[in-house]
Amino acid sequence: MEKWPVGVFASIDAGLGVKLEVAHELGIKTVQVHTPHRETRTPEKAKAFLDQIREFGIQVSCVFLGFEGESYESIQKAAETVGFVPKATRAERLAESREISDFVKLLGVEAIGSHIGFVPHDRKSAEYSDMIDTIQELADYLEMNGQRLHLETGQEKAEDLLQFLSDVGRKNIFINFDPANLILYGMGNPIESLKKVGKYVRSIHCKDALKTEGTPGVDWGKEVPFGKGQVDADLFLKTLLEIGYEGPLTIEREIPEEPQRQKEEIEQALALIEKIKQNLLA
Ligand code: MG
């Protein structure tokens, strides 16, 4: 496989990514997609989707879990609603994840990404061991389908994420590294964090952000186009090279309400990444 193919986060019928047609127009050959709605997760729809991406010559590297009721309106809201942390929806979301895993298998995709939610910090707490059990169960199901679980970064500091991975102790759990999220959630320097978790990184997002002017960890930072924030795009790619990452560089720009601007900014990110790639891989 080509080293570092540039990709984009796309959506079929849900999530914040660009439409597949837009990825195609931009000449992109690899995408991550958000999990489609339940009514779209049928063998017929899977086949139609596969026909479409084959026609476009696009490959799907990872499918991201997403659930009804999740909200990223504020950090507090995200902590309360995202992933497997909320107790009230944990069992049903786990069950739905199994359905999604089966659907993703129909697509022939071997990686499932997830914002599992804010992992509790007290390792002796019941909440922590419940989360370990839940993620082990999820990982074991994915393993049966020949899939890996890629945890999205951002909601924990690198050290806490490493501890959690080690406590879960499953061979098919890795990391989807999103440098902007570390800034948005106020969870540490993205480059230093990348070096720490490097050996687990199997997919990444090229996303950028500015840190909050309020209180880090309480107030959101601001997502900005890749290359315009505090990630340091050159250093990010250079560090990916150092840790031996060779997979897709998947651009994520979460402004679906402004499709034209979203497309233009992805196009600019694409040009920037190609330029940095040329310098680094020359
Ligand atoms: Mg991301």
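This is a predicted model: local features need pLDDT of at least 70, side-chain atom pairs count only at pLDDT 80 or more; totals for chains, interfaces and linings use all residues.
Biologist: What makes Glu152, Asp178, His205 and Glu252 donors of the magnesium ion?

Modeller: Distance. They coordinate the magnesium ion at 2.0 to 2.2 Å, and the cut-off for a donor is 2.8 Å, so they count. The atoms involved are OE of Glu152, OD of Asp178, ND1 of His205 and OE of Glu252. Along the chain the spacing reads E-x25-D-x26-H-x46-E.

Biologist: Why can we say that aspartate 178 and histidine 205 tie together separate parts of the sequence?

Modeller: Look at where they sit: aspartate 178 is in the loop between β7 (173-177) and α7 (179-184), while histidine 205 belongs to strand β8 (residues 201-206), so the pair links parts that are 27 residues apart in sequence.

Biologist: And are those two buried or exposed?

Modeller: Buried means under 20% relative accessible area. Aspartate 178 comes out at 0%, and histidine 205 is at 0% too, so both get the label "buried".

Biologist: How do you know that β3 and β4 pair?

Modeller: Pairing takes at least two bridges. Strand β3 (residues 30-34) and strand β4 (residues 59-64) have 5 and run parallel, so they qualify. Threonine 30, for one, stands opposite glutamine 59 in β4.

Biologist: What about β4 and strand β5 (residues 111-114)?

Modeller: That parallel pair has 2 bridges, and since the rule says at least two, they pair as well. Phenylalanine 64 faces glycine 113 in β5 there.

Biologist: What makes the pair of serine 71 and glutamate 73 a polar contact?

Modeller: A polar atom of the serine 71 side chain lies 3.2 Å from the backbone nitrogen of glutamate 73. The cut-off is within 3.5 Å, so the distance passes.

Biologist: Which residues have the most contacts inside the largest nonpolar core?

Modeller: That core has 80 residues, and the top ones are Val31, Phe84, Phe164, Phe177, Ile204, Phe236 and Leu249. Helix α5 (residues 126-144) gives the most to the core, with 7 residues. Valine 31 touches, among others, Val8, Leu20, Ile58 and Cys62.

How values were computed:
Residues are numbered from 1 along each chain as its sequence is written. Side-chain values use heavy atoms; hydrogens and water are left out. Donors are N, O and S atoms within 2.8 Å of the metal (3.2 Å for Na, K and Ca); water is not among the atoms, so sites may look incomplete. Helices (H or I, at least four residues) and strands (E, at least two) are DSSP runs, numbered from the N terminus. Buried means under 20% relative accessible area, exposed over 50%, partly exposed in between (1.4 Å probe, protein chains only). A polar contact is a pair of N or O atoms within 3.5 Å; within protein, one must be able to donate a hydrogen and the other to accept it, and residues adjacent in sequence count only if both atoms are side-chain atoms. A nonpolar core is a set of buried Ala, Val, Leu, Ile, Met, Phe, Trp, Tyr and Cys residues joined through side-chain atoms within 4.5 Å. Contact means heavy atoms within 4.5 Å. Lists of a residue's contacts leave out its neighbours within four places in sequence.
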